[in-house]
Amino acid sequence: MSSGDGVSQSSSKKSKKPRYSRFTQQELPACKPILTPGLVISTFIFIGITFIPIGLSSLSASDAVVEIVHRYDEVCISSNANDDEAAHFARIGYIQDDRTNKTCTRTLNVPKKMKQPIFVYYQLDDFYQNHRRYVKSRSDEQYKSPENEQKTKTCEPEAFNDDRKPIVPCGLVAWSLFNDTYTISINGNTIPINKKDIAWRSDRTHKFGSNVYPKNFQTRGLIGGAKLNESIPLSEQEDLLVWMRTAALPNFRKLYGRIETDLEANDKITVVIQNNYNTYSFDGKKNLVISTTTWIGGKNDFLGKIYITVGGICLFLAIAFILVYLLKPRPLGDPAYLSWNKDPASY
Amino acid sequence: MDSKSQIEINEYSLQASDFLRNLSSRRSISSIQLKASGGRSVKELNSGELESKPVRHGSRGDSEGLNTSYKEINDEDSRFIYINNPEKTNEKFKFAGNSIRTGKYSIITFLPRNLFEQFHRVAYIYFLVIAILNQLPQLAVFGREASILPLAFVLLVTAVKDAYEDFRRHRSDKIENNRLALVHANGQYEQKKWKDIRTGEIIKVSGNGSIPCDMVLLSTSEATGVAYIQTTNLDGESNLKTRYAKQETQMKRPGEGKFDGLIKCEKPNRNIYGFQANMDIDGKRISLGPSNIVLRGCELKNTDWVIGVAVYAGKETKAMLNNSGAPSKRSSLETRMNREIIYLSIFLVTLCTIVCICHGVWLRNHKDELVLMQFYRKKDYSEPKVKNYKYYGWGMEIFFVFLMSVIVFQIMIPISLYISMELVRVGQAYFMIGDNRMLDESSNSRFQCRALNINEDLGQIKYVFSDKTGTLTENKMEFQCASIGGVDHSNGNAHVEGKDESVGYSVQVEGIFLKPKMRVKIDPELLKLSKSKHTDEGRHVHDFFVALAACNTIVPLTMETSHPSVKLIEYQGESPDEQALVYAAASYGFMLIERTSGHIVIDIHGERQRFNVLGMHEFDSDRKRMSVILGFPDQTVKVLVKGADTSMFSIIDKSLNSDMIKSTEAHLHSYSSKGLRTLVIGTRDLSSSEFDQWHSSYELASTALIGRAALLRKVANNIENHLSILGASGIEDKLQQGVPEAIESLRTAGIKVWVLTGDKQETAISIGYSSKLLTGNMTQIVINNNSKDSCRKSLEDALLLCKKLKIGSDAKQEGSGAGGSQLALIIDGTSLVYVLDTELEKQLFELSSKCTVVLCCRVAPLQKAGIVALIKNRTDDMTLAIGDGANDVSMIQMADVGIGISGQEGRQAVMASDFAMGQFRFLVPLLLVHGHWNYQRMSYMILYNFYRNAVFVLVLFWYVLFTGFALTTAITDWSSMLYSIIYTALPTIVVGILDKDLSRMTLLKYPQLYGAGQRRESYNGKLFWVTMLDTLWQSIAAFFVPLLAYWKSDVDVSSIGDLWTLAIVIMVNIHLAMDVIRWYWITHATIWGSIAATFICVLIIDALPFLPGYWAFLTIAKTKLFWACLGGITIGALLPRFVVKIFVQRYRPDDIQIAREAEKVETSRESHLAQVEMNPIFGHSRSFLRLAVSCLFAILERG
């Protein structure tokens, strides 16, 4: 073919051609792993052999935990009402009455030797400490510094006392502070429960002010729970600090204290409970928990089971895939498997 | 001019549908330009004819025009321009000034207008409503700042983008507005800024200058009043067009003396090919037409100066009125996605309903206890008068809980997806534009993405509708062969590369060499013949080439070259065929040097000869030929006629030289079967009496006031007869580079290629063969009818034939690639008139869906759109239209994806298109590679985003079931908001831009892989539901593992919330990592970086002492249980997906999977090299995670 393109081309030498780079041409070096049988099987085996030991160790850890759980909210009230509703009101009447003696003595058996430190928890069931109305009713700024005493806007409906003075610590959470107490003794010897350092260090040092003192707290008609000693700053009111870390779930434990002596198996421990806290109004349960801990926390074999199950499934899959690969192999990347090669008529 | 070039003009002339609006009100106006050299071409539409057959109106040949030319324009519909009197012109009416504003905003209006425009999107309204709901005290779920953050972020990003774009528009407006023009004032021309020009002012534009506004020509530097303009900016046509000043004003030398007059013209409109006005000057009324106006945006060429009066300025100019962007389209993936969004909304409402019903039941059950319950507190005792504390009654509480749950679960509707999709499309466009393989080196044009929202449609195309001229072919006409005097000169021994070629033909004039710009390959034998004047054959050849050089409307222009003594001659004209013929004549030594209205000069083998042009009959579509009456130097007068074979053979005197006619006919047949465009040339000597007779009737006709065009046509018909044949020419419309291969690839990819052309059937079929669109073993069905009934009959016959062939082929059990049952449908425009928009449409659709190839010839532009609509409305399949000319605009806008070829014919198609590129063959990389990638990436991204948001919402939902249905979120507000902004946003965008399922090589090697997109394999209802099932499982795993592991423990809300946050983020990112096919360092960085960023963010959030979760993360991260949970969740949640993935890949592999494996197997050595290259990257990296992962891959791969 002819043509005088030479002229026109030379006149437009300034090309728009972008400078070649592997990035713009999408040719960056790349790793493109594909799931080869070897890779798949080794992945499964790898997961299997890591998960099963972890699962077993956490199961054994959970097994090593000695735990005494005692529900006392019903047994500590003598109720002679016949029907449920009457019993319900009788209980509420009992718990709301300041004059009744709320002391309750229970004897518990230690099933196995418990090494110190032994943790004493109270466990509340069906108490929605994660309820929206509840968790929002607090003022972290007020707790931190005395200057923020007036910052109670978020604390409704427990922001002010009757004289419009701000409540410190304000809010529903603080107001509802748990106030049952436990005294533990073995054969008449009282075992001390250490209530120091039960709250988070960060809460004690930063979150709650060491110069913020309780004020106007629980002074009104409706008492939610414990009263606070007004001469102790918030940062040292460790029960409050523990309580203020609102629980994630409606069935929760909170640390009450530590026993720093070992308990022998079959020891009979006597617990004197001051049964003050009102869970009867919403049919919540109260438990006393005395437990040791390990690296997975308290007694809970769920995670161990999950790990063993997942590990087991992976090993099983590894074997299954090995068998399947052996029985029904398919060469990698064989063009014969392309659909138009398998079934040419359709193209 | 022959019939084929006429078709070209037809193609040009019917403009985009925009112009059709103007049709009804159009009236043709003719000018009384009598003595113009080369009549002029103003293209117009003829509203009356159903076929939309355009008629080419010249200044002389307008029969319809004259009837209406003196029709008064209604005063209400017109504007009055007082020439040289802008004050009076603008006194009564407010005409726009000449300053233009393409910017949308000013500094003051930016904020409100931009916000207003942004909130046109439903997604943003949703955002806003949710944010407003959250501000109500009863509903405040999230902190106020946290809830506004995402919306504010998105608005800000978009606003900055808009502001930048607008700033650039303002800047270019400013440059444009401040250009200088010469404006007549106070008796002289003064410089004035463009923006200050007012209508009515007289403006002078010098050579090569731009026209500042639409103006009526008053005078030009040429005595004849002609001016040449280039309209590239307006309609993209690069050839020069002629415009005329009226003789009455041309004489008056405006600007030198007193000059006034009144122009009454129509209101501003968008039709760049129409203008009608009257001018009252010196008591005379002259009518003005489209050939008397020059439009803003044009450039003056080859004319020293023009003087005109501004009639439309600024935003009222035709250029500005046409300045609207391409209509926005929506990708089919997005349309389908919207259906799933509706499912998600239903799902969201269901979740909210469950929560509010449960809450209602809970409230009812605890009705009596609410007051005393420590964690509820129905009453507020802080005031003396006890009232309800945030309790509005049972019904209202349920209602509020419903609204609150909508706020909490809002990201179920993945708003961030819309933003991510836009970012991804920008990224994809960046790579498409930057692709060197789609760069047209010859025209130096890059790929352009004009529409940013349909990238992924490129991966799903099922039908390609292609224009022929300029798209499949180069639209560079090339003279190939001639049949002269019955002798065929198309033998193959033509010089291709020789010394003649390099020197070319040149003429020396006054020491300057003149060379034609384009060289044509020369048949040396023919060249020798052309020089021998004394043989019969030689005379024939001589006459033939003189006819080629003379019988046209080409204007020769000389151009400087780098060499001072060499000048190039460029032939400017409207028809590329004519250009090709004149170049051919020049190469054979018949060089057209000069053309004026009265004479032409042809240099014949170094001898300059002057021919008087005594008259010219312009081409028109009825005659399909043109003629000139030429006074030869030897005082003879001849009529030379050139035209389409059909029209020519009827006027050739068959008795004269029947052998020659027969052999010419045979040659013509062979030419057109080779795909050449043919023209026949005839001549006749005129006796002086004949000439006188013609001359007087010609004069009479051309000065006639009424029915001039018809009269002229009659005169032409009288003289164009009894011709003796000179010969015929064959012009090749060259196929573009790589077209047959591209069509082959597209067909293998399962794309049906339809060619829609204005060419005649034979030419179309021959191009079809040469482009491999048609193959020998195809059965051709030709539908070529003139009535509805016959159309129906042939359609029915064809369908029957199809059925028969289908049965036959089924019985035979077609072998691979035999394609014996392949059908090709060839249908012409006349038949389509009867088919489209009637009940026959259905039959045509049925038939065409059975055919592999469809060729539509002689179709008008609107019919092209009609054919696209035929397919688009009846199937879900995606259509793509590709074209280069103004005639393709309607088709490009109709199709799902419109592609403009930025080539010869200009920019009109490009302006209307969604994508533009240099050559047809780039369609292969565009569709097969980029389209495939874009579709895969976008489909995956949508599914992944649905999953990502739903899994988060479900975890929130499960937790709500354990909070007394009170809508507490364990995950902090800030983490909820950052989840889709920081924690998981970047990896999906990066993967959406960069990930490639297959390499370019593989995709081009197996075009069939494109079928994945056509079959919607990567995004469909099934995949959506499977993904949602997976989402459900993963959310259960992520939520319940920590729940049960921490059941009855002393864990607090914030700690377990952090665990859930991290678990979801890790799970979601590993999920993505599992599906990434190509790991670039960027992919590594974003995926592992996002996880790291999440840890950092959680840490920061927990280090803020005023939040309840202070120090929670650091406390819980110290426990081994936390890490054990994270590990267990990640593996447990992703295990089912992994297993299903392996199973599908191994035992139900799709083509993509096989090809990917093949790629890996074939290039295993190369990939090892690549790994070696990767290592330094890891070596430099300090990220422990990245190192670990690369090690893991290395270990696993060996295993």
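**Close-up views of a predicted two-chain model**

P117(A) is found in the loop between β2 (103-109) and β3 (118-125) of chain A. The model shown in every view is predicted.

**View 1. Two cis peptide bonds in loops of chain A.** The peptide bond from Q116(A) to P117(A) is cis, and its omega is near 0 degrees. The bond from E156(A) to P157(A) is also cis, with omega near 5 degrees. P157(A) sits in the loop between α5 (140-144) and α6 (172-175) of chain A. Most peptide bonds are trans.

View 2. Most residues other than glycine have a negative phi. D126(A) has a positive phi, near 60 degrees, and is not a glycine. Its place is the loop between β3 and α4 (132-135) of chain A. D126(A) is partly exposed, at 29% relative accessibility. In chain B, K772(B) is another non-glycine residue with a positive phi, about 65 degrees. K772(B) belongs to the loop between α23 (761-770) and β34 (779-783) of chain B. With a relative accessibility of 42%, K772(B) counts as partly exposed.

**View 3. T24(A) in a loop of chain A.** T24(A) lies in the loop between α1 (5-11) and α2 of chain A. T24(A) counts as buried, because its relative accessibility is 14% and the cut-off for buried is under 20%. The side chain of T24(A) makes a polar contact with the side chain of Q25(A), at 3.4 Å.

**View 4. The contact between chain B and chain A.** Chain B gives 128 residues to the contact and chain A gives 114 residues. About 11,000 Å² is buried between the two chains, with 60% of it on carbon and sulfur atoms. On the chain B side, Q374(B), F375(B) and R1146(B) lose the most area to chain A. Together these three residues make up 8% of what that side buries.

View 5. Helix α39 (residues 1120-1147) of chain B supplies the largest share of the side of chain B that touches chain A, with 17 residues. The residues of that side divide into 66 nonpolar, 25 polar and 37 charged.

View 6. F44(A) is in helix α2 (residues 37-64) of chain A and F1138(B) is in helix α39 of chain B, so the pair joins two chains. F44(A) is buried, with a relative accessible area of 0%. F1138(B) is buried too, with a relative accessible area of 11%.

**View 7. An aromatic pair within chain A.** W243(A) and Y277(A) have their ring centres 6.0 Å apart. The angle between the planes is 75 degrees, so this pair is edge-to-face. W243(A) lies in helix α8 (residues 238-244) of chain A. Y277(A) lies in the loop between β8 (268-274) and β9 (285-291) of chain A. The pair therefore ties together parts that are 34 residues apart in sequence. W243(A) is buried, at 0% relative accessibility. Y277(A) is buried, with a relative accessible area of 1%.

**View 8. One aromatic cluster with members from both chains.** From chain A, the cluster takes in Y122(A), F127(A), Y128(A), Y134(A), F178(A), W243(A), F252(A), Y277(A) and F282(A). From chain B come W362(B), F375(B) and Y376(B). F375(B) is also among the residues of chain B that lose the most area to chain A.

**View 9. Chain B as the setting for these views.** Chain B has 42 helices and 39 strands. Of its 1199 residues, 61% count as buried. Among the contacts in chain B with a separation of 6 or more, 75% are between residues 24 or more positions apart.

Terms used
Residues are numbered from 1 along each chain as its sequence is written. Chains are lettered from A and ligands numbered from 1 in the order in which they are written. This is a predicted model: local features need pLDDT of at least 70, side-chain atom pairs count only at pLDDT 80 or more; totals for chains, interfaces and linings use all residues. Side-chain values use heavy atoms; hydrogens and water are left out. Contact means heavy atoms within 4.5 Å. Buried area is the accessible area (1.4 Å probe) that two parts lose on being put together, summed over both. Helices (H or I, at least four residues) and strands (E, at least two) are DSSP runs, numbered from the N terminus. Ala, Val, Leu, Ile, Met, Phe, Trp, Tyr, Cys and Pro count as nonpolar, Asp, Glu, Lys and Arg as charged, and the others, Gly among them, as polar. Buried means under 20% relative accessible area, exposed over 50%, partly exposed in between (1.4 Å probe, protein chains only). Rings of Phe, Tyr and Trp (its six-membered ring) pair if their centres lie within 6.5 Å; planes under 30 degrees apart count as stacked, over 60 as edge-to-face and the rest as tilted. A polar contact is a pair of N or O atoms within 3.5 Å; within protein, one must be able to donate a hydrogen and the other to accept it, and residues adjacent in sequence count only if both atoms are side-chain atoms.
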